[in-house]
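Below is a short briefing on one protein model, grouped by topic.

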Amino acid sequence: MGIISGLMGNAAETSIESVKKDYGKLLGQQEQIIQAYQWIRDLMIFTDCRLLLVNVQGATGKKVEYHSIPYRSIRHFAVESTGHFDLEAELKIWVASMGTEPLVYTFSTDADIYKVQALLAECVGK
(Lines give C-alpha, C1' and ligand atoms only; values in the text may rest on other atoms or scores of the structure.)
Protein backbone atom coordinates (compact mmCIF):
# COMPACT_ATOMS: atom_id res chain seq x y z
CA MET A 1 0.00 0.00 0.00
CA GLY A 2 1.35 3.41 -0.90
CA ILE A 3 2.10 5.86 1.92
CA ILE A 4 -0.06 8.59 0.37
CA SER A 5 -3.03 6.22 -0.06
CA GLY A 6 -2.66 5.02 3.51
CA LEU A 7 -2.56 8.54 4.88
CA MET A 8 -5.65 9.45 2.85
CA GLY A 9 -7.51 6.52 4.39
CA ASN A 10 -7.65 4.43 1.23
CA ALA A 11 -7.38 0.65 1.36
CA ALA A 12 -5.05 -1.43 -0.74
CA GLU A 13 -4.53 -5.16 -1.07
CA THR A 14 -2.23 -6.67 1.56
CA SER A 15 -0.33 -9.92 1.98
CA ILE A 16 -2.43 -12.90 3.07
CA GLU A 17 0.61 -14.38 4.82
CA SER A 18 1.14 -11.31 7.02
CA VAL A 19 -2.58 -11.24 7.86
CA LYS A 20 -2.48 -14.96 8.81
CA LYS A 21 0.52 -14.29 11.02
CA ASP A 22 -1.08 -11.35 12.82
CA TYR A 23 -4.75 -12.43 12.91
CA GLY A 24 -4.72 -16.20 12.50
CA LYS A 25 -5.95 -16.61 16.08
CA LEU A 26 -9.30 -15.12 15.01
CA LEU A 27 -9.95 -17.85 12.47
CA GLY A 28 -11.86 -21.07 12.93
CA GLN A 29 -9.97 -24.37 12.63
CA GLN A 30 -10.74 -24.91 8.94
CA GLU A 31 -11.32 -21.24 8.01
CA GLN A 32 -9.13 -19.85 5.23
CA ILE A 33 -8.30 -16.26 4.29
CA ILE A 34 -9.20 -15.51 0.67
CA GLN A 35 -8.13 -11.85 0.41
CA ALA A 36 -7.31 -8.90 2.68
CA TYR A 37 -7.24 -5.12 2.34
CA GLN A 38 -5.56 -2.71 4.72
CA TRP A 39 -5.92 0.94 5.63
CA ILE A 40 -3.34 2.58 7.90
CA ARG A 41 -4.14 0.23 10.80
CA ASP A 42 -7.54 -1.24 9.93
CA LEU A 43 -8.22 -4.38 7.89
CA MET A 44 -10.97 -5.99 5.84
CA ILE A 45 -10.42 -9.74 5.69
CA PHE A 46 -12.41 -12.00 3.37
CA THR A 47 -12.45 -15.60 4.57
CA ASP A 48 -14.28 -18.57 3.13
CA CYS A 49 -16.91 -18.15 5.92
CA ARG A 50 -17.27 -14.45 6.71
CA LEU A 51 -16.12 -10.89 6.34
CA LEU A 52 -13.88 -9.88 9.24
CA LEU A 53 -13.38 -6.17 9.94
CA VAL A 54 -10.51 -5.14 12.21
CA ASN A 55 -10.78 -1.63 13.64
CA VAL A 56 -7.70 -0.47 15.57
CA GLN A 57 -8.76 2.36 17.89
CA GLY A 58 -7.04 5.12 19.80
CA ALA A 59 -3.65 6.75 19.43
CA THR A 60 -1.79 3.78 20.89
CA GLY A 61 -3.74 1.13 19.01
CA LYS A 62 -4.12 -1.00 22.15
CA LYS A 63 -7.89 -1.20 21.76
CA VAL A 64 -9.02 -3.29 18.79
CA GLU A 65 -12.58 -4.02 17.70
CA TYR A 66 -13.31 -7.11 15.59
CA HIS A 67 -16.52 -7.31 13.56
CA SER A 68 -17.46 -10.70 12.20
CA ILE A 69 -20.10 -10.49 9.49
CA PRO A 70 -21.38 -13.78 8.08
CA TYR A 71 -21.88 -13.43 4.34
CA ARG A 72 -25.55 -14.42 4.72
CA SER A 73 -26.08 -11.18 6.72
CA ILE A 74 -25.01 -8.97 3.83
CA ARG A 75 -28.21 -7.76 2.17
CA HIS A 76 -26.87 -5.40 -0.46
CA PHE A 77 -23.56 -3.94 -1.61
CA ALA A 78 -22.49 -1.31 -4.11
CA VAL A 79 -19.28 -0.10 -5.72
CA GLU A 80 -18.91 3.55 -6.63
CA SER A 81 -16.17 5.02 -8.77
CA THR A 82 -16.25 8.36 -10.57
CA GLY A 83 -14.12 7.28 -13.51
CA HIS A 84 -10.68 6.35 -14.76
CA PHE A 85 -8.93 9.40 -13.31
CA ASP A 86 -10.38 9.06 -9.81
CA LEU A 87 -7.86 8.23 -7.09
CA GLU A 88 -10.33 6.19 -5.08
CA ALA A 89 -13.45 4.07 -5.16
CA GLU A 90 -16.00 3.25 -2.47
CA LEU A 91 -17.51 -0.02 -1.37
CA LYS A 92 -20.81 0.21 0.49
CA ILE A 93 -22.18 -2.80 2.38
CA TRP A 94 -25.65 -3.03 3.94
CA VAL A 95 -25.80 -5.56 6.76
CA ALA A 96 -29.02 -7.01 8.18
CA SER A 97 -29.87 -5.74 11.68
CA MET A 98 -27.41 -2.82 11.43
CA GLY A 99 -29.96 -0.22 10.37
CA THR A 100 -30.34 1.54 7.05
CA GLU A 101 -26.88 3.11 6.83
CA PRO A 102 -24.24 1.11 4.95
CA LEU A 103 -20.69 0.41 6.04
CA VAL A 104 -18.54 2.53 3.71
CA TYR A 105 -14.93 1.77 2.79
CA THR A 106 -12.65 3.75 0.48
CA PHE A 107 -10.17 1.92 -1.72
CA SER A 108 -7.15 3.31 -3.54
CA THR A 109 -6.50 2.74 -7.22
CA ASP A 110 -3.89 0.17 -6.09
CA ALA A 111 -6.82 -2.08 -5.16
CA ASP A 112 -8.93 -3.39 -8.02
CA ILE A 113 -12.41 -2.46 -6.73
CA TYR A 114 -14.00 -4.71 -9.35
CA LYS A 115 -12.03 -7.65 -7.97
CA VAL A 116 -13.32 -6.75 -4.48
CA GLN A 117 -16.88 -6.56 -5.84
CA ALA A 118 -16.53 -9.92 -7.62
CA LEU A 119 -15.15 -11.55 -4.48
CA LEU A 120 -18.00 -10.18 -2.39
CA ALA A 121 -20.56 -11.32 -4.98
CA GLU A 122 -19.10 -14.83 -4.93
CA CYS A 123 -19.02 -15.01 -1.12
CA VAL A 124 -22.52 -13.56 -0.60
CA GLY A 125 -23.91 -15.94 -3.21
CA LYS A 126 -22.82 -19.06 -1.28
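At the start of helix H3, a side-chain oxygen of Asp-112 comes to within 3.1 Å of the backbone nitrogen of Tyr-114. This is a predicted model, in which local features need pLDDT of at least 70 and side-chain atom pairs count only at pLDDT 80 or more, while totals for chains, interfaces and linings use all residues. Residues are numbered from 1 along each chain as its sequence is written, and side-chain values use heavy atoms, with hydrogens and water left out. Helices (H or I, at least four residues) and strands (E, at least two) are DSSP runs, numbered from the N terminus.

**Helix H3**

- The twelve residues of H3 (residues 113-124) should span 16 Å at 1.5 Å a residue, and the end C-alpha atoms are 16 Å apart, which agrees; the expected span is 1.5 Å times one less than the number of residues.
- Ile-113, Val-116, Leu-119, Leu-120 and Cys-123 are the buried residues of H3 (buried means under 20% relative accessible area, exposed over 50%, partly exposed in between, with a 1.4 Å probe and protein chains only).
- They cover an arc of only 120° around the axis, which puts them on the same side of H3; the arc is that of the directions from the helix axis to the C-beta atoms.
- An α-helix has 3.6 residues a turn, so residues three or four places apart point the same way.
- Exposed residues Tyr-114 and Glu-122 sit on the face of H3 turned away from its buried side.
- The cover over the buried residues of H3 includes strands S2 (33-38), S3 (43-47), S6 (74-81), S7 (88-95) and S8 (103-108).

**The five-stranded sheet**

- Five strands form an open sheet in the order S1-S2-S3-S4-S5, with antiparallel pairing (two strands pair if DSSP finds at least two bridges between them).
- S1 (12-13) and S5 (63-70) stand at the edges with a single partner strand each, so one side of each has no neighbour in the sheet.
- S2 and S3 pair in the antiparallel sense over five bridges, and Ala-36 has Ile-45 in S3 as its bridge partner.

**Glu-31**

- Glu-31 lies in the loop between helix H2 (16-23) and S2, and is buried, with a relative accessible area of 9%.
- The side chain of Glu-31 reaches the backbone nitrogen of Gly-28 at 2.8 Å.
- The side chains of Glu-31 and Thr-47 are joined by a polar contact of 2.6 Å (a pair of N or O atoms within 3.5 Å; within protein, one must be able to donate a hydrogen and the other to accept it, and residues adjacent in sequence count only if both atoms are side-chain atoms).

How values were computed:
Contact means heavy atoms within 4.5 Å.
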